[in-house]
Amino acid sequence: MYDQSVVTVLLVWPLLAAGALWLVPERLAKHVALAAATIEFAISIPLWWRFVPAGGMQFEVVRPWVASWGISYHVGVDGISLFMVLLTTFLVPLSVLGSYHYITRRERAFYAHLLVLTTGMVGVFVALDLFLFYVMWEVMLIPMYFIIGIWGGERRLYAAIKFFIYTMFGSLLMLVAILGLYFTAAAKTGVHSFDYDFLLANVGALGTAGWWFFGAFFLAFAIKVPMFPFHTWLPDAHVEAPTAGSVILAAVLLKMGTYGFLRFALPFFPDVALHPTVQAGIVVLSLVGIVYGGLVAMVQPDVKKLVAYSSVSHLGFVMLGIWALTLQSVQGALLVMINHGLSTGALFFLVGMLYERRHSRLIEAYGGIARVVPLFATVLTIVSLSSIGLPGTNGFVGEFLVLIGVFRTYPVAAGIATTGVIVAAAYLLWALQRVIFNRLDKAENEKLPDLSLREFVVLVPILAAIFWIGLYPKPILSRMEPAAQQLIDRVQPAPSPSAASTAGR
Amino acid sequence: MTLDLSTTRDLLLGLLPEIALTGWALVLLVVVAWRHKTAGDLRLAGWLTLAGFAGTGVAVWWLWWTMARTAGIAPMVAVDDFRYVADWLFLGAAGLTVLFSFDYLEREQLLAPEYYLLLVFATLGMMLMAGGGDLIVIFLGLELMSVAVYVLAGIDRKRAKAAEAALKYFLLGAFASAFLLYGIALVYGATGTTNLALIGIQVASLGLQSNLLLLLGLGLLLVGFGFKVAAVPFHMWAPDVYDGAPTPVTGFMATAVKAAGFAALARVLVVSFSGIVAWPSIVVGLSFVTMIAGNLVALAQRSLKRMLAYSSVAHAGYILVAVSVGNAQGTAALLFYLVAYGFTSLAAFALLAAKGRGGESDVQIDDLAGLAATRPWLAFALAVCMLSLLGFPGTAGFIGKWYILAAAVAGGKGWLAALLVLTSVISAGYYLPVIMAMYMKSAPFADAHAGMRFGRLGRVALAVCVAAVLYYGIRPNRLLALTEGSAATLAPGMGAAPLSSGN
C-alpha cells in the first residue's frame, strides 16, 4: 500500500495543500503551509527504511497518460533519487518556517508557490518517463519565477526573467533531443514510448545523432548545474530571490542538473560522454568552475553573492566526481550534492537572518558581531566549516571521496581540485572573520538580537544532519552504492579496452 | 455512409452544413434589415448568429457521425473528416467571437447588426475553403471570407485607423487573390484540371514533377496563401490591420481566418502536390524567416495589441513547420495547433478588448501593471494565455508545439525543430513581460483597472477558453485522436495511392 502510493502522494499532496491555502485566512496561511510541508516530509521518511539498497528502481507506478503517443505516468525511486527526494522534503518545511518573518505581503500566494514548487522538484527526481520528466522540469520554473519576481530584491525582475530564459533555452533543445530518442527507438522496435527503461534498452548506438542529442541534454543540465561558463544567471537569481527561494534554488534546483547528468546524459550517451575530448572538456570546465567560482567568491562584497559563487565551486566537484566514474567519485558526487544542499541552504538561511536584522548583506556593514549574537556566530562558524569541508562535518566526507575517486582516473585534476578546497577555506574564513570577528565598530550592530527560537528550530535539523553525515555516513553510502555501481557498469562496459590498455602501460 | 456526389440528394447531404448556414444567413439578412436600430436588435442578431453556428455545428457532427465519404474522387467538394474538424474549428472560433462581441459592440457604440451577418458569411467562406475539392471552390470560399473580413476590419468606420486597416487589407488582399487566381490558371494550364485529386493524378501520370508551368503556378499559390496566413515576407499588412481592426475582429482574424488559410493550404499541398518534391523546401524557407522575423519584431513591441499581432505572425511560422512535413502527422499537428492557438488567442484578444477603449491600440504592456492585485482571475486567465502561447507544459499550446516538433523530427527535419524551439525562447522575451507587469509590478494608481469590464457572456466564453487551454494541456487524448483521425482522411491524390480506394 505505502510502496505503491507514496510517490504519487508526495506529488499530489503539496498541490492539494496549495489549493487549500486559498480557503484559509491570509494570516493562517504560513501555519497551514508549514503543517502541509511537515506532513509531506513525514510521508517521505519511511522511504528511508522501506528502500532496499540492492533493489534497483522501487516504489514504481506506471499508468498510461496519453496512450497514443506512448506517454505514461511512470514514477519510481532508486538509490540516486531517494536522497534528492528526501533532501527536498526535508528542506521545504524549513524554508516555510524560515520565511515566517521575511515574507510579509501576499503570504498565501508565496506559500502556494512554494508548495507547487515542491511537487515540481519531487516530480523531476521521480519521473521515469521522459515526457513527464520534461513537464516537471519546466513546470517547476513557473513558481520559482514568481518567487523571485514577486518577493525578490531590487533587481528581481531582471533576475527572474534571466533565470527563466536561461533555463528554458537549454530545456527546449532537450525537448527536441527527447523526441529524437523517441523516434530512434520507435524506428528500431516499432513501439512508440517515452518510457525511460524502454528507451534506455532500445535506443542503442546513435552515431552522429548521439552527439547532437547529448549536446542538447548537456546544455540543459549544464545551465542548471550551473557549469562555467553557463553560470551567469545564478548570482542574479540567488541574490535577488527571497531567503526561501535562495535555499531551494541552491539546495534542490541546482541538483536537478547534476541529477540529469546521472540519470539521462550519461546512461543514454555513454559513447559520447566517455569520448576523450568530451571527457577532457567537461573535466576542464569543472576545474575552472571550482577554482574560478572560489576566486570570484573571495572578492564579493555581498555575503549572499559570496555564497552564490561558492555554489559554482561546489557543483564543480560534483561534475568532476560524476565524470571520473569511479565508485568513490560517484558516491562522493552524490554526497556533495546532499552536503551542498545542507550547508549552502543553511548559509542562505543565516544570511537571510542577518538581512532581516540589518537590511544589509554587505560584509563591511558587519564586524565583531560574535559578541552581540554568540549563538548566531556559533552556528555560522559550524556551517561555514562544514562548507569548507572540515573533518567531522559532512563537507569533508563528500569532497574527500570525490578527490580519492578522481585521483584514480585524473590525478592532475584531483590536484587542481584540491586547491579549490583551499580557496574555499580562504573565502569563507576571511568572510567569517570580517563578519563576526574583528572589532565591533558599528553602532547599529550593538543591539542585534540573537537567534530566536523559531530561527533556531530552522537551523538545528540542518546542524544535526551536518554532524550525522560527517561522523557516520555509512547508512547513506550503503544505500547509494548499488545504484552508483549500476550506473558505472552501464556507462563503462566492464572489460573496457581503454582501461586494459591503461593498465598495460 | 458513402455519398455519390453526382446525385442531387447526396450532393445536398454532403453540403448540408454549408447549405444550412447559407439559409440561416439569408434569414438573418432579413431580420437585420428589419431590426437594426437599438442595442436590443444587436443582441437579437448575435443570438440568432450563435444559433446558426450551433445548428451548423450539429449538421457537421451528423456528417462526421455517419462517417460520410465520397465514392472515388471528390468532385467540387471534399467529404472527409479533415473538413469536419476544420469546420468545427471555424464555427467554434466564430461562436466565441460572437460571445466576446456582445459587450464590445455596445461599449464602442457599434450598433451595426450587420457585424454578425458578416461573421456568418466569413465563416461560410472558411468552410468552403477547408472543404473545397477544387481550386475554384477554394478560391470562391477565400473571396467570400476575405470580402466579409475586409468590411469587418473597417466596421468601426468613425475611426481613421480602422478605415486605414480595412483599406490596406483590401488592397493587399486583392493582390493576394490575384496571385492565387493566376496560380490556379497556370496549374490548370499544366494539368488541364482544377480538381485537387485530379491534379495529383495528372502530376504523377504525366510526369509533371519538374514542369515549369506547374511549378510557377504552385509558387503563385504559395504566395497567395502566404498573404492570407501572414507568412513573412507577405506579412506586411498584418500588424497594421490587426492593430486597426476592432479587437474581437482581430481575434477572429488571428485564429479563424488564419486557420482557414492553413487548412486550404494543407489540403492543396497534400492532395494535389505531394508528388512534387520542391514545395516542402519552399515552405521550410518560409517558416524559417517567419519564425525569426515574427519573433524578433514582436520582441520590440510595447503595445500589447501589436505584440499579439506580430506574435501571431511568429505562430504562423510554427504552423508552417507542420505544413512543411507534408504527411498525415504534419496535418494532424497543424489541426491540433490551430485549435490550441485558437482558444488561447481568442481569450488573449478578448482580455485586451476588455482592458482598452477605442480600438485598444494604445494599451501598452506596462498598462497591465498590478492587474493581479485587483483582478486576480483576469490576470490568471491572461497569464495562462501567455504561457500557452509560449508553449509551456500544462497548457494546450505546449501539446500543440510538442506535436509540431514531433512531426518535424519524425519527418527528418530535426534542425527545423531546433530552430522552432530556439525562436520560441525569443518569444519568452515578450510574453513574460506581460505576466511580469501583471504580477510583479504595482499599479500606477489605485483604480487603474477599474474600467476593465467583462459582461456575463464574455466571462463565460473566457472561462471556456481558459478551461479548454488547461484541459487539453493535461488530457489531450480525445483531441489528439480526433485530429489524427481526421488528418488521415486527407489522402494524397498522387499515383502512389490506388486511385479509387473509396470504392
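How many residues of chain A are in contact with residues of chain B? Select both chains: 22 residues of chain A are in contact with 24 residues of chain B. Two residues are in contact if their C-beta atoms, placed from the backbone, lie within 7 Å.

Some ground rules first. This is a predicted model, where local features need pLDDT of at least 70, side-chain atom pairs count only at pLDDT 80 or more, and totals for chains, interfaces and linings use all residues. Residues are numbered from 1 along each chain as its sequence is written, while chains are lettered from A and ligands numbered from 1 in the order in which they are written.

**Stop 1: where chain A touches chain B**

Stay on the side of chain A that touches chain B. Select helix 6 (130-139), helix 7 (141-151) and helix 8 (156-189) of chain A; these are the elements that give two or more residues to that side. Helix 8 of chain A supplies the largest share, 13 residues. Helices (H or I, at least four residues) and strands (E, at least two) are DSSP runs, numbered from the N terminus. Now color by residue type. The side of chain A that touches chain B has 18 nonpolar residues, three polar and one charged. Here Ala, Val, Leu, Ile, Met, Phe, Trp, Tyr, Cys and Pro count as nonpolar, Asp, Glu, Lys and Arg as charged, and the others, Gly among them, as polar.

**Stop 2: all of chain A**

Zoom out to chain A. Its secondary structure comes to 22 helices and two strands. The C-alpha trace spans about 70 × 60 × 40 Å along its principal axes. Of the 505 residues in chain A, 58% are buried (20 or more other C-beta atoms within 10 Å of the residue's own, with C-beta atoms placed from the backbone).

**Stop 3: helices 18 and 19 of chain A**

Select residues 394-409 and 411-436 of chain A, which are helix 18 and helix 19. Their axes (lines fitted to C-alpha atoms, for helices over the stretch in contact) come within 7 Å and cross at roughly 155 degrees. Angles run from 0 to 180 degrees between N-to-C directions. The two helices are therefore roughly antiparallel (over 145 degrees). Show side chains next. Glu399(A), Leu403(A), Val406(A) and Phe407(A) in helix 18 meet residues of helix 19 including Pro411(A), Ala414(A) and Val421(A).

**Stop 4: helix 13 of chain B**

Finish with residues 304-325 of chain B, helix 13. It is mostly covered, with 22 of its 22 residues buried.

How values were computed. Parallel < 35°, antiparallel > 145°, perpendicular 65-115°, else oblique. Buried ≥ 20, exposed ≤ 12 C-beta atoms within 10 Å, placed from the backbone. Expected span 1.5 Å × (residues − 1).
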